[in-house]
Amino acid sequence: MILSHLTLLAVTHRSAPLDVRERLAFDDAALGALVADLQPVAEEVVPLVTCNRTEIYLLGRSAEAAARALPLIAARAGLAEDTLAAHTRCLTGADAARYLFRVAAGLESLVVGEPQILGQVRTAAEWARGAGAIGPILSRLFTYAVVAGKRARSETAISRGAGSVSHAAVELARSILGDLDGRRALVVGVGEMGQLVARNLVAHGARDVAVCNRSPERAALVAREIGGRVVPWEDLDEALREADIAVTATGAREPVLTRDRLEPVAAQRNGRPLLLIDIAVPRDVDPIAATLPGVYLRDIDALHDIREENLREREEVIPQVEAIIEEEVAAFTAWCHGREAVPVIRGLRERVEAVQQQEVERALRRLGHLSERDREVVRALAHGLVNKIVHEPVTRLREADPETRDDYAQALTHLFDLDVRS
């Protein structure tokens, strides 16, 4: 059955510490290699990787897909298998579909209701399609997930006023520093997350917001939008000496700000504290930098308290979102069950149509005096009779509940000696 082979392996901010999650923050090249590793295990694969999650959705070749996939993922991440297993949530069937729909609706996000995740779910399916890793089942699953996410946002207030990780980072800075009015801020890395941070800093009154990026062209665009200034990559240390707060959100695979780099920066600040908020996964700031005098480091997991406050604000609409999710899970489940009946229906039609054609042609040979028009009438009559006879069992098979459908399918397969191909 389709649903019994649907599997999810999820490592998220709820199940794993940051040092485990960052080992699983695969880039596109590593994801391509992982998908190749998983081909003997799964017919279809869609990886969903964000700053807070690495989730692998599989249509397994057998019911043991999860057990076979886990060591492959661990090897690709450079983790011990038992370490990965301890932090991995495994779901199958409708539970796996339900979880994805919750992700798309924003219920599993660090900041509940945040808008970016819906686009990330859509992008994950598009990436898998480009990699040739997705097929009809997971394609339909992700289509239903996007529908669930859109409905949650249009039919409820789950995203009304919701923030994002970048917004939460600025809220964290305000909780530590107080009012940001007059503060000098630096944003390192201006991808989607960094751009949102820069906008939020300006909106909350930060003075002299500077942006630093390896690509100066992108930095210039962001600086122009927010009325800030560009710091060339080679001048990053000088900018750190001047800033009150620096938020890092690069896509680097190794720390950009090491202790050795930050030590002279801290020494030249004349006792002024520097707040570093690292929202990148993998981390941009070496954790040991927190031992430097005057350096206060927070990583993405420090946003937990902001998440709890956000969750309380949305508690009353969560049941509405969950009701939408259940409707979409039911629709996807029904689609899966209907698809499972297709091989039997196709086999039944092929069998009766073969018999019909054989018997009609035999009769027509004995009725050689008939005109071509009369022959077409005989063929149409036979075709109509067969369709009417087959219609009722096919309808009952399609509309039956899963347990009854299996019994019907097995009975039809046996009674008509069908050649059933998936």
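Modeller: Start with the secondary structure. The protein chain holds 16 helices and 10 strands. Keep in mind that this is a predicted model.

Biologist: What radius of gyration does the protein chain have, and what would a compact globule of 422 residues have?

Modeller: The protein chain has 29 Å. A compact globule of 422 residues would be near 22 Å. Now look at the spans along the principal axes. The C-alpha trace covers about 110 × 45 × 40 Å.

Biologist: How much of the protein chain counts as buried?

Modeller: Of its 422 residues, 49% do. The accessible surface comes to about 19900 Å². Carbon and sulfur atoms account for 51% of that surface.

Biologist: What do the contacts say about residues at least 24 apart?

Modeller: Take contacts between residues at least 6 apart in sequence. Of these, 73% join residues at least 24 apart.

Biologist: Now the charges. How many positive and negative side chains are there?

Modeller: There are 52 positive and 63 negative side chains in the protein chain. The centres of the two sets lie 4 Å apart.

Biologist: And how should I read a salt bridge?

Modeller: Side chains of opposite charge can pair when their charged atoms come close. The cut-off here is a nitrogen-to-oxygen distance within 4 Å. By that rule, the count is 24 salt bridges.

Biologist: Which residues form salt bridges with Arg-379?

Modeller: Glu-361 is one of them, with the closest N and O atoms 3.3 Å apart. Arg-379 lies in helix 15 (residues 372–399) and Glu-361 in helix 14 (residues 318–366), so this pair ties together parts 18 residues apart in sequence. Glu-376 is another partner, with its closest atoms 2.9 Å from those of Arg-379. Here both residues sit in helix 15, 3 residues apart, about one turn.

Biologist: Which residues are linked in a network of salt bridges?

Modeller: Arg-14, Arg-102, Glu-108 and Glu-322 are linked that way. Find them on your screen next.

Definitions and conventions: Residues are numbered from 1 along each chain as its sequence is written. This is a predicted model: local features need pLDDT of at least 70, side-chain atom pairs count only at pLDDT 80 or more; totals for chains, interfaces and linings use all residues. Side-chain values use heavy atoms; hydrogens and water are left out. Helices (H or I, at least four residues) and strands (E, at least two) are DSSP runs, numbered from the N terminus. The radius of gyration is taken over C-alpha atoms; the globule rule is 2.2 Å times the number of residues to the power 0.38. Buried means under 20% relative accessible area, exposed over 50%, partly exposed in between (1.4 Å probe, protein chains only). Contact means heavy atoms within 4.5 Å. Accessible areas come from the Shrake-Rupley method with a 1.4 Å probe; for residues, only the protein chains shown count as cover. Lys and Arg count as positive and Asp and Glu as negative; His and the chain ends are not counted. The place of a charge is taken as NZ of Lys, CZ of Arg, CG of Asp or CD of Glu. A salt bridge is a side-chain nitrogen of Lys or Arg within 4 Å of a carboxyl oxygen of Asp or Glu.
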